[in-house]
Amino acid sequence: MLPQRRQFLIHTFIFLSALLLAGGTQLLQAFPPVENIDFDEKYRQLLQAAKSAPSQGRLKDVAFDAINASQSAIQSGDYSSAVKIATFASKIGKSARSNHAFTLANSLKKRSIMLSLEYRDVEKAHQKLQENPNDANAASLYGKFVALKLNNWKEGLFWLAKGDDAEYQTLAKQEIANSNDADALLTVANGWYQLADKEKGSTKQELEMHAYDLYSQAWSRTLGPDRAALNARLNEMPLRYLNHMQEEDVVHGGWPFGKNGDAGNGKGLFTVNQLEFPNGLGMVPASRGSASVSYQLDGHFKTFVTGVALKDDNYQFVGTITFMVLGDNRVLWKASVKDDKDVLFCKVSVRNINRLMIRTETKAINRGAHAVWLDPHVLK
């Protein structure tokens with residue numbers, strides 16, 4: 001099972017107030033590639049694999065295989081099959097006692113149902129574009145679906161730039177033309193953010209998240225007054241990942257503090273159950289000790305959300321890692337993880353909290369204690 005880019009997780013978890021596991025997006029084709037995937041047959045294969053699974057560990061693998069198959073169905077535009085397979089994955093994840101698989105599958109099921117309903121409104125537009133790619137009205141309708149619902153902005157921008165919605169068309173053309181110009185993209189980000197104020201519901205949220213993506217890219221490249229100004233704008237956003245904030249008082253453990261999906265060993269994106277977390281943090285505690293990092297929230301946010309786990313690797317950790325979330329030196333959340341490769345989820349209030357600290361600790365030798373925080377973020 002290959003690592004997956006968890007496109008379906010970001011907006012489902014964030015905006016349904018569940019746990020975000022989620023970071024990079026997998027680029028879909030505007031017209032999905034023709035693949036001879038028989039999802040009915042795939043479902044039967046998964047069903048048989050579940051029936052013959054010799055252990056809960058193997059059953060968990062089947063659940064994640066089903067999650068991947070459901071995602072493939074979304075990529076192929078077969079949303080009814082995506083719903084069916086995700087529902088099965090949820091059931092198998094629960095039977096396998098895998099909190100991670102069960103939560104992901106339920107999220108994917110909700111997303112598949114949403115896409116199935118949304119696509120009904122643009123199916124005719126999609127068909128028109130297959131006959132006439134220059135149909136401006138169809139391009140606008142379908143472009144919004146691809147960008148805002150599939151979260152595939154690369155393809156969505158292409159159609160929006162050909163569409164008849166003037167505001168979307170202008171911003172799409174500007175973003176395409178200035179994809180390598182950081183200063184120009186800031187102007188585009190401002191445009192998307194202003195456009196979000198005119199929209200409602202999920203459309204408003206998706207536009208805000210796209211503006212956030214552009215702002216966060218710029219934030220990592222700015223310094224001094226420019227960074228301070230951009231930091232203030234990011235604090236206005238409904239969501240902010242911790243790796244897009246300035247860390248303070250870092251206490252390193254067995255490995256250096258890891259950011260942007262690195263566990264701290266400098267070997268690229270870590271995985272948990274073969275899923276990547278591009279906004280994840282690595283925090284291996286010291287042997288019989290701890291590791292920690294702090295962030296200034298200054299009362300701007302209401303909720304902290306994350307998952308905690310041990311990353312996929314070949315080391316067998318024989319102890320227990322305690323994950324802690326502290327707000328203004330007060331413990332807000334605490335949980336312990338053993339080497340069972342499952343994920344625990346955290347959603348805790350940080351209302352009126354000025355300083356947030358996250359911490360890992362163990363009473364054992366830290367060989368294999370590769371603790372990770374799964375895309376931790378704060379919400380308004």
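Colleague: What makes strand β8 (residues 321-327) and β9 a pair, and in which sense do they run?

Modeller: This is a predicted model, in which local features need pLDDT of at least 70 and side-chain atom pairs count only at pLDDT 80 or more, while totals for chains, interfaces and linings use all residues. Residues are numbered from 1 along each chain as its sequence is written, and side-chain values use heavy atoms, with hydrogens and water left out. Two strands pair if DSSP finds at least two bridges between them; β8 and β9 have seven, in the antiparallel sense. Ile 321 stands opposite Val 337 in β9, and Val 325 has Trp 333 as its bridge partner. Strands here are DSSP runs of E with at least two residues, and helices are runs of H or I with at least four, numbered from the N terminus.

Colleague: What lies between β8 and β9 in the hairpin?

Modeller: Two residues lie between β8 and β9, and Asp 328 in the turn has a positive phi of about 50°.

Colleague: Why do β2 and β9 count as edges of the sheet?

Modeller: The open sheet has five strands in the order β2-β6-β11-β8-β9, with antiparallel pairing. β2 (248-251) and β9 (330-337) each have a single partner strand, so one side of each is left without a neighbour in the sheet.

Colleague: Why are α2 and α3 called roughly antiparallel?

Modeller: Helix α2 (residues 39-51) and helix α3 (residues 56-75) pack at an angle of about 170°, with axes 9 Å apart. Axes are lines fitted to C-alpha atoms, for helices over the stretch in contact, and angles run from 0 to 180 degrees between N-to-C directions. Angles over 145 degrees count as roughly antiparallel and those under 35 as roughly parallel, so α2 and α3 are roughly antiparallel.

Colleague: What makes α2 and α4 roughly parallel?

Modeller: α2 and helix α4 (residues 79-95) pack at about 5°, with their axes 10 Å apart, so the pair is roughly parallel. Residues in contact (heavy atoms within 4.5 Å) include Phe 39 and Leu 46 of α2 and Phe 88 and Ile 92 of α4.

Colleague: How many cavities of 30 Å³ or more are found, and what makes a space a cavity?

Modeller: The search finds two. A cavity is a set of points, on a 1 Å grid over the protein atoms alone, where a 1.4 Å probe fits but cannot get out. The largest cavity has a volume of about 40 Å³, volume being the space filled by probe spheres set on the points.

Colleague: Which strands supply at least two residues each to the lining of the largest cavity?

Modeller: β2 and β6 (290-296) do. Lining residues have an atom within 4 Å of a point; among them are Val 250, Trp 255 and Ala 291.

Terms used. 1 Å grid on protein atoms, 1.4 Å probe; cavity = no way out; pocket = protein on both sides within 12 Å on 5 of 7 lines; lining within 4 Å. Parallel < 35°, antiparallel > 145°, perpendicular 65-115°, else oblique.
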